[in-house]
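Hello,

Here is the structure you asked for, followed by a summary of what turned up in it. Please keep it open while you read.

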Amino acid sequence: MALVASTTAQASPGCDAANNGTFTTSAPANTNSFRQFNTTFDSGDTLFVTATGTPLGVGVDLFPGPQTVLVVNGANGMGSTVVNNAGPHTLDITLAGGPGGAAFLNFSCTATSGPPTPPVTPPTTPTTPTTPTTPDATDQSDTATNATTTSIIAENFGLGVIIAVAALEDPETSPGSGAPQEDPTPAGPTQAEIDESIDITRELFVLRDTEKEINDRIKTLEGEIRWAESTVREYQLNPSTDDTVSSDGFGSEYVKLFLPVEVFDDLQQMEDVGDKELISRISAEAKRKQNEIDRLKEQRTTNQNRQAEIEERLKEIPDDPNDFTPDDLEDLGDTDAILFVGRDPFARALMRYRGFRLDVADTGEGFTDTVKPLSFTRTLSSTIVGWVRAVYTDYEQDDASQQDGDNILVALGIHKDFNDDLRVGLYVTTTWGDVTSPVNNLDIDTTGYSLGAYGRYKWGEIDVNASTRIGLTGNDISVSGTTGSYDTRLASFTFGISGQEQLTDSVWMRPAISITNTWVNREDYVNSAGTAIGGNTTWTGNVSAGPTIGTSLTPPSGFKRLEPAIGLLATYNYSDQDTQAGTVTASETDYLSLSVSPQLSMEFNSGASLDVFGSYFGIGADLDGWSVGGTLSIPLN
């Protein structure tokens, strides 16, 4: 028997895959499907595709080339192409199901030298929709990576606001809101100026007491000199009068009234010593007292000059915003009336020096319905401040990935001022998030925690800010009927500088620039179908710059400060996750966007502050969203 040679050529792997249904794709109503297949074709292979059902849009291309196989919108159709080069190829498929039902793509192929395989005849009316094929391991891995990258960008936006505010915030002296800013009002005195003010105020009161003593002494000496001069003149006019200064005449009574005891004793010795000698001694004593008056007047002049210097220096030292000692009793309410020991600034300064407390012992009065003890508690620029912040963020990816996400972040922090220039703080965060997409029916639920530190250093007129954090997030993923769980770990660092300009008496502007870099590692996992899904490590970051402009309003009763503001920010985001494959479209990861953030900062008389903000970000980019949040800060010392 003779052997018959086969005339059928060996088909390429790509042709076999097309004829075996590997490329078959479906998309439910109102759902997009994006697929890529890497395979090999022979030159001359003919690839056929048929679109059935109710497709909203179809695009099938073969790379390299590209060679377009089929493009239709809102209709069924058939297409084909002849492969013009042999070797590896990528088949790129985009299929959108219309609102009226599912869409389907069926493929076939004719090998270069083999008999043609006819394309599948489209059914007149689709019956039961075909279940979408499950993405392979690479597809699922890239889906998770794309979702993680997007959510980190949104989370960094909310967290970046927190650190910028916390690094600058001081409930006693500066506003806090959704973007960095400080109190535009003049700063209070430094600790050194406060100490100096206390010292020279005390010295001023001593000088004033001394001046009063000098004046009293001069007045006494001048009276004694006048008596001496009168006595000498009387003696010179009537040297023989017996009772001029005798102990039992008019002079004796006059002497007893006005002379010190020692002078009077001298006069009583007149009869023994003689009038002439006593008059000489009185004249000499008067000259000595005149010399003392001259010396006291020089001392008084020096004293007054020093008082003037102190008063001028006290005017130069900035007012303390935490000094609530009233300038006038009328500043007190009827039930707060109290007797102040003094009403001039220096008396009030002395009260502050003595402990800022005036009670019944100071007034000399008992309690009544309108007189009660009043205590002035003085809080210097608080060196320890605790704060809590909550932010809700909602975002969406407006490209073909169609990802929607939301995130709730709660942060607790505390910082300490080690001096006027250096501040260091710690914070912890908790986040709850969700990412969904109709592409492959994606749904990811996340719960994360992070621990961080931040600091501020005042370098002249510039604030230098830095923060860092590490975090761990648990993720539960569902994609095209498979489920799984994995963890992501991150490390992030932010560096920024800012300044402030006073545009008018009540309007200020704070320009700022910062850079953030975040490293994220997603661990691998095994899904519910038993498929191993590989892990991934990515870098993301952004550079942001822009001003915050605000104004200071007259605060209502119960408030110390009320400041609305608006922040304008330009942000450039970047990532090394540039492309995705399989059912994941290539999302834009390097782009420039704008954000606008209205804010309101308020401080209460208690010293606590509350800052609220809203923000719309991602203007001009595929990834955009909005957020709202607030911060409550409380001085702890």
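**Strand pairing**

Strand β3 (residues 46-53) and strand β8 (residues 103-110) are antiparallel partners, joined over eight bridges. One point to look at is Ala51, whose bridge partner in β8 is Leu105. Please bear in mind that this is a predicted model.

β3 and β8 belong to an open sheet of four strands, in the order β1-β8-β3-β6, with antiparallel pairing. At its edges lie β1 (25-27) and β6 (77-82), each of which pairs on one side only. On average, neighbouring strands in this sheet are turned by 15° against each other, direction ignored.

There is also an open four-stranded sheet with the order β2-β7-β4-β5, and its pairing is antiparallel. Here the edge strands are β2 (32-41) and β5 (67-73), and each has pairing on one side only.

Within the order β2-β7-β4-β5, which strands are joined by eight bridges? They are β4 (residues 55-63) and β7 (residues 87-97), which run antiparallel. To find this pairing on screen, go to Gly59, which stands opposite Thr94 in β7.

In short, the model has an open sheet ordered β1-β8-β3-β6 and an open sheet ordered β2-β7-β4-β5. The two residue pairs to start from are Ala51 with Leu105 and Gly59 with Thr94.

Regards

Definitions and conventions: Residues numbered from 1 in each chain as written. Predicted model: local features only at pLDDT ≥ 70, side-chain atom pairs only at ≥ 80, totals over all residues. Heavy atoms only, no water. Pairing = 2+ DSSP bridges. Axes fitted to C-alpha atoms, helices over the stretch in contact; angles between N-to-C directions.
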